[in-house]
Amino acid sequence: MTKISILGCGWLGLPLAKALLKKDYLVKGSTTSEEKLAVLKNAGIEPFLIVLSENKTTGSVTDFLKNSKILIIDVPPKLRGSGTENFVSKIRNVIPFIEKLAVENVLFISSTSVYNDGDAFVTEETIPKPETESGKQLLETEHLLLSNSNFKTTVLRFGGLIGEDRHPIHFLAGRENLDNPDAPINLIHQEDCIGIILKIIENNSWNQTFNAVTPYHPSREMYYTQKAIALNLALPKFNHENNFGKKIILSDTLENVLNYTFTKPNL
């Protein structure tokens, strides 16, 4: 049975681990919280307490990666607000363990924030020009992993993540003067995130880069207004004078290469 290690069993990593268990994979999972170790163990996941920092990696990384064929890195940069961490260094510190323990394949969860807002239609052929610090460090980390010949890397660039317990409308409801009313949405549901990852593993689609955004792009104003109405929330109000976004992320490559059909097409 194939062993898979998931670095970061959070909002996406934990349900992903459970989905992999149902497919009869053996799953190791990491967390930075001692309290969550029992949650992982009770779910059938072999738990590890691993903390990444710029200068070192603490925890039993060797045991975490030992005999694993695949490593999924699902650790988002903590760069919002006043955060200034060096995310690239944190991942760089893990690479010697990947090499030493002969992990064959790495799946890196990245983001469409590696693209800027100036391109109307964005494919994997579009040259990334990140504008945020998070996007810049994600792109550098992508290059770091893809350029390593000791293992095969696939990069998965997710759009905005939503799920049953996570949706931007809960933050936007009732707010005023929101920018970019006509900008198209670029979102993806948690179920499709997991479905796509399973397809990559099942198809052995390594040494690839995929955009992963649901092919449904109504305007922000239309989409969030409809969501607010459906959930009986206060309507968000948009400022039509600040209207500059036009980016549409295309996931055609993913759909064609993986033969993947989105399960949540209307979000």
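A residue is taken as buried when its relative accessible area is under 20%, as exposed when over 50%, and as partly exposed in between. In this predicted model, Tyr260 has a relative accessible area of 7% and is therefore buried.

A pair of aromatic rings is described by the distance of the centres and the angle of the planes. The count for the model comes to 5 aromatic pairs. One of them joins Tyr216 to Tyr223, with 6.4 Å from centre to centre and 75 degrees between the planes, an edge-to-face arrangement.

Turning to the helices, H1 (residues 13-22) and H8 (residues 190-203) have axes that come within 10 Å and cross at roughly 45 degrees. Angles from 65 to 115 degrees would count as roughly perpendicular and those under 35 degrees as roughly parallel; H1 and H8 are therefore oblique to each other. Their crossing is right-handed. On the H1 side, the contact is made by Pro15, Leu16, Ala19 and Leu20, and on the H8 side by Gln190, Ile194, Ile197, Leu198 and Ile201. Sorted by class, this contact between H1 and H8 holds 8 nonpolar residues and 1 polar residue, with no charged residues.

Asn232 has a phi near 60 degrees, a positive value in a residue other than glycine. This asparagine sits in the loop that runs between helix H9 (220-230) and strand S13 (248-249), and at 72% relative accessibility Asn232 counts as exposed. Asn259 also has a positive phi, near 55 degrees, and again the residue is something other than glycine. Asn259 belongs to the segment after helix H10 (252-258). With a relative accessibility of 59%, Asn259 is exposed as well.

Terms used: Residues numbered from 1 in each chain as written. Predicted model: local features only at pLDDT ≥ 70, side-chain atom pairs only at ≥ 80, totals over all residues. Heavy atoms only, no water. Axes fitted to C-alpha atoms, helices over the stretch in contact; angles between N-to-C directions. Helix = DSSP H or I, 4+ residues; strand = E, 2+ residues; numbered from the N terminus. Parallel < 35°, antiparallel > 145°, perpendicular 65-115°, else oblique. Left-handed = near helix turned anticlockwise from the far one by under 90°. Contact = heavy atoms within 4.5 Å. Nonpolar A, V, L, I, M, F, W, Y, C, P; charged D, E, K, R; others polar. Phe/Tyr/Trp six-rings, centres within 6.5 Å; stacked < 30°, edge-to-face > 60°. Buried < 20%, exposed > 50% of the residue type's maximum accessible area, 1.4 Å probe, protein only.
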